[in-house]
Amino acid sequence: MTEYTHINYETVDDGRIARIILNRPRARNAQHRGLLVELGDAFTAAEADDTVRVVILSGAGPIFSSGHDMGSPESLAERTPGPDLHPTFEINGGTRQGAEGRMLGEWHYFFQNTLRWRNLRKITIAQVQGTVYAAGLMLMWACDLIVAADNAAFADVVGTRLGMCGVEYFAHPWEFGPRKTKELMLTGDSIDAVEAHALGMVSKVFPLDDLDARTLEFARRIAALPTMTALLIKESVNQTVDNMGFHNALQSCFTLHQLNHAHWAEVHENHYPVGLPEDGLIDWRSAPPVAPSVVDQVRATAPVV
Ligand code: ZN
């Protein structure tokens, strides 16, 4: 059994349902390299295990995942030469310079890993609570189904806070719809669990206190289906959207994302690859709470907590 540091892996129902639990609650389950590599290992283990039928991905603490780790001490240490250097910073382009190094790192650890989880040979369910922003979205979107606590809110704030055109896995138009994506990304506003349910992005909305139990109940219904049937249902939908352009659109939007990084790296003297407050953006470290998108107001009055 693999030992994990940043996640928990467990199975229930005699191994038929696997649970992967992001376990950095003090960092709001922010995704640093160590967590992403362990998550990949856990998905691979669940996929390899013929007893597992359904995988539930959840996060410990008040928030499913706050997105990419933008600077916790652990995330700085894992990329700095020394005893805590994560070995993956010396492979897969980690030793390359400039846009090449950045592109390869993001391709391996943000983009292709997410796409691979989306194509996992098991049915996957994301169980989310609290604010799910930016890279929290792409982790959730990689799953086949999403169930949310009634306190969940969804936003991609990288446009307004980092001057970026979205996260590396640009599934936004397929999940929010094209026009809603433009609104949410240009304003940085959020939608709540009920609106996400109305969009079809979220399958179920449960009270926060019942989230674990109700998600397991839901997973059991799906685990009861013959595995061949479940997989071919998944694959029929995935191949349909791939033929509608999903796969190719993801590739081209990843390239646009790299262009966006290259722009900021070029205009900043210190080559910082995302926008800064001096570029006219909101300072993400002191930003006000994300506001909900409200139908009859240009600017919402009540922030999401
Ligand atoms: Zn990026």
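Student: Which exposed residues does α11 carry on the face turned away from its buried side?
Tutor: In this predicted model, the face of α11 turned away from the buried side carries the exposed residues N248, Q251, S252, T255, L259, E266 and V267.

Student: And which residues of α11 are the buried ones?
Tutor: The buried residues of α11 are C253, F254, H257, N260 and H261. They cover an arc of only 115° around the axis, which puts them on the same side of α11.

Student: Why do residues a few places apart point the same way in an α-helix?
Tutor: An α-helix has 3.6 residues a turn, so residues three or four places apart point the same way.

Student: How many residues does α11 have, and what does it reach from first C-alpha to last?
Tutor: Helix α11, which runs over residues 246–267, has 22 residues and reaches 32 Å from its first C-alpha to its last, and this is close to the 32 Å expected at 1.5 Å a residue.

Student: Back to the buried side, what covers the buried residues of α11?
Tutor: What covers them includes α3, residues 98–118. The axes of α3 and α11 come within 11 Å and cross at roughly 145°, and α3 passes α11 in a right-handed crossing.

Student: Which residues in α3 and α11 meet there?
Tutor: On the α3 side they are A99, R102, M103, F111 and L115, and these meet L250, F254, Q258, H261 and A262 in α11. The residues of this contact of α3 with α11 divide into seven nonpolar, two polar and one charged.

Student: Changing topic, is H271 buried or exposed?
Tutor: H271, which lies in the segment after α11, counts as exposed because it has 11 C-beta neighbours inside 10 Å. Phi of H271 is near 65°, a positive value in a residue other than glycine.

Student: Where does N29 lie, then?
Tutor: N29 lies in the loop between β2 and α1, and N29 counts as buried because it has 27 C-beta neighbours inside 10 Å. H32 is also found in the loop between β2 (17–22) and α1 (33–48).

Student: What is H32 in contact with, beyond its neighbours within four places in sequence?
Tutor: Leaving those neighbours aside, H32 is in contact with D69, S72, E74, S75 and E78. The C-alpha atoms of H32 and S72 are separated by 8.7 Å, although the two residues are 40 residues apart along the chain.

Student: And F64, where is F64 found?
Tutor: F64 is found in the loop between β3 (54–59) and α2 (73–78), and F64 is buried, with 28 other C-beta atoms within 10 Å. Leaving aside its neighbours within four places in sequence, F64 has contacts that include N29, S58, G59, V132 and M140. The C-alpha atoms of F64 and V132, 68 residues apart along the chain, are separated by 6.6 Å.

Methods. Residues numbered from 1 in each chain as written. Predicted model: local features only at pLDDT ≥ 70, side-chain atom pairs only at ≥ 80, totals over all residues. Helix = DSSP H or I, 4+ residues; strand = E, 2+ residues; numbered from the N terminus. Expected span 1.5 Å × (residues − 1). Buried ≥ 20, exposed ≤ 12 C-beta atoms within 10 Å, placed from the backbone. Arc of directions from axis to C-beta. Contact = placed C-beta atoms within 7 Å. Axes fitted to C-alpha atoms, helices over the stretch in contact; angles between N-to-C directions. Left-handed = near helix turned anticlockwise from the far one by under 90°. Nonpolar A, V, L, I, M, F, W, Y, C, P; charged D, E, K, R; others polar.
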